[in-house]
Amino acid sequence: MIQFESVAKTFTTGGLPALHDVTLSIAASEIFGVIGRSGAGKSTLVRLINGLERPSSGRVVVDGQDVGAARPADMRALRRRVGMIFQQFGLLSSATVADNMALPLRIAGVPADARKARVADLLDRVGLAAHGHKYPGQLSGGQKQRVGIARAIAGDARILLCDEATSALDPETTRDILSLIADLNRDLGLTIVMITHEMEVVREVCDRVAVLDAGRLVETGPVADIFLRPQAAETRRLLAQAGEGHADHADFPGRVVRLTFEGDAIAQPVLTRVARETGVDLVVLGGHIGRFRQGRYGQLTLGVTGDAEAAVAALATYGAVS
Amino acid sequence: MIDFDSIDWSDIGQATLDTLAMLSGSLILTVAIGLPLGVVLFLASPGQVWANRVAHLGLSLVVNLLRSVPFIILLIVMIPLTVALVGTSLGVVGAIPPLVVAAAPFFARLVELALREVGRDTIEAVTAMGATTRDLVLRALIPEAMPGILAGITVTAVALVSFTAMAGVVGAGGLGDLAIRFGYQRFQTDVMIVTVVLLLILVQLLQMAGDRLVRHFSRR
């Protein structure tokens, strides 16, 4: 659906961060996350997809259209198939909720009665049926983002770009918005590209994720691989800073091991069983149990006193030990 | 001595009409010219759709030049141009071209400022919908900036009222001219008071109407 072929973007004057040699392919109907610290080039990357920025070199191909080479009319046609939502929502404060949702239809020249019917559908779809006549200033942040989402998909978009779409929302609202986005992906087969600095967002809804660091793509893969088995040092640093990785426990007097387990193992009494069978003592130094879109996982940092080798061997039957 | 008996009320009436004619004529033309000019200034500014350093700098320079010429000078310097435009440099009609030339750049700046208040996300969102620049301006920028634009029209209208006082130089008449000729030069304090009070009422009405409109269009 979306291909980046050796894409570089440089700016002559300040503005957004640059990108260097990014090659990336995003499949139809997947939820693709892009993580990285601020200034890594995430915004630049997502803006290349709908032509808000054009590549300095390389090609960006979206739904068969070479974005860099698109003429103005082609670009507008492409943009009507690519919705986008923003951290600050980007709604028209002077228009009602219904008029905000109708704007892309109006721009696309949809006749008034069809527009009205579509807006009624959209209001239902995002759970704002009772709020169509209100102005954005009268809505909560979560409701504003629902308007943003409805507006983004109003013209039957095939792709939804999310630029830090939940970063201005509280955790509960974030979860609501993410589940709405996941529903849209499931029901409409939307291809979704999410850029965010919030690791939980990627963990909860994305299928695959790319890690950007200083304008370079350092790693791409399924969410579980990137979060549990990061290969690049930059990824490990990023995860550690977000509290997702594991801190050092150099002061622990015994052996420190890290156990990563997914799927069925999560429901088993791993620690007590290993302790009983091998006679070691286990101290939980850190870790968490969580959920990816594809299933649950756990990652624990354990301090082992006693026969560490036996304990490691026993733990290894439940998951990956490092 | 102040006694209001010696006032020629028909003079005052004519002057009021002249002021209103100059104000409404020049305000309509100022908005008609200044609004597009302000939009172009905004669109040509860095980071916007027509971002063009040379065009923005050039336009800015012209706007600033016109804003920095004292109105009384502009009124005289423009006489040949005024004659070419409207056939005369005298009277209410002769005053309108210089009034517009003085006020339009000022108003254009206010429009540019009002447009800058429109959020970056909003502009990107509308662009990302596949909007043409025309859609962007007419359906997003101007509606969003409407309160600021209306406030700008109000400020410009009040400035025009004070500019009209100098239009007496070209025989345009008006309340300001009356205040200078009778109130100041002939020491008719009563005329001075009446004209100033009428100007005050006019400015106050303009300001109140403007504030009301701004409030009506504010949704933030």
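Predicted model: local features only at pLDDT ≥ 70, side-chain atom pairs only at ≥ 80, totals over all residues.
1. Start with the Lys42(A)–Glu164(A) pair. The two side chains form a salt bridge, with the closest N and O atoms 4.0 Å apart. The criterion is a side-chain nitrogen of Lys or Arg within 4 Å of a carboxyl oxygen of Asp or Glu. The partners belong to distant parts of the chain, 122 residues apart. Lys42(A) sits in helix H1 (residues 42-49) of chain A. Glu164(A) sits in the loop between strand E7 (159-163) and H6 of chain A. Helices (H or I, at least four residues) and strands (E, at least two) are DSSP runs, numbered from the N terminus. Lys42(A) and Glu164(A) are both buried. Buried means under 20% relative accessible area, exposed over 50%, and partly exposed in between (1.4 Å probe, protein chains only).

2. Residues are numbered from 1 along each chain as its sequence is written, chains are lettered from A and ligands numbered from 1 in the order in which they are written, and side-chain values use heavy atoms, with hydrogens and water left out.

3. Other salt bridges within chain A. Over all chains the count is 20 salt bridges. One of them joins Glu5(A) and Arg59(A), whose closest N and O atoms are 3.2 Å apart. Glu5(A) lies in strand E1 (residues 2-9) and Arg59(A) in strand E4 (residues 57-62) of chain A, so the pair ties together parts 54 residues apart in sequence. Glu5(A) is partly exposed, at 33% relative accessible area. Arg59(A) is also partly exposed, at 39%.

4. Arg186(A) and Asp187(A) meet through their side chains in a salt bridge (3.1 Å, N to O). Arg186(A) is exposed, with a relative accessible area of 59%. Asp187(A) counts as partly exposed, at 41%. Shared partners connect Arg125(A), Asp183(A), Arg186(A) and Asp187(A) into one salt-bridge network.

5. Domains of chain A. The assignment gives domain 1 (2-241) and domain 2 (255-321). These bounds come from an automatic or database domain assignment. The C-alpha centres of the two domains lie 37 Å apart. Across the boundary, 13 residues of domain 1 are in contact with 9 residues of domain 2. Contact means heavy atoms within 4.5 Å.

6. Area between the domains. The size of an interface is often given as the accessible area lost when the parts come together. Here the buried area is that loss (1.4 Å probe), summed over both parts. Domain 1 and domain 2 of chain A bury about 940 Å² between them, with carbon and sulfur atoms giving 47%. Arg203(A), Asp207(A) and Leu228(A) supply 56% of the area that domain 1 buries against domain 2, more than any other three residues.

7. Glu262(A) and Arg229(A) form a salt bridge through their side chains (3.2 Å, N to O).

8. Elements on the domain 1 side. Helix H6 (171-188), helix H7 (199-205) and helix H8 (223-228) of chain A each supply at least two residues to the side touching domain 2. H8(A) gives the most, with 4 residues. By class, this side of domain 1 has 8 nonpolar, 1 polar and 4 charged residues. Ala, Val, Leu, Ile, Met, Phe, Trp, Tyr, Cys and Pro count as nonpolar, Asp, Glu, Lys and Arg as charged, and the others, Gly among them, as polar.

9. The chain B–chain A interface. Here 19 residues of chain B are in contact with 25 residues of chain A. The two chains bury about 1,900 Å² between them, 60% of it on carbon and sulfur atoms. In chain B, Met129(B), Arg139(B) and Arg219(B) lose the most area to chain A, together 32% of what that side buries.

10. Polar links and elements between the chains. The count is 1 salt bridge between chain B and chain A. Arg47(A) forms a salt bridge with Glu124(B), the closest N and O atoms being 2.5 Å apart. Chain B and chain A also have 6 residue pairs in polar contact, with both residues at pLDDT 80 or more. Helix H6 (120-128) and helix H7 (133-164) of chain B are the elements giving two or more residues to the side that touches chain A. H6(B) has the largest share, 7 residues. By class, the chain B side has 7 nonpolar, 4 polar and 8 charged residues.

Technical notes:
Polar contact = N/O pair within 3.5 Å; in protein donor to acceptor, adjacent residues only side chain to side chain.
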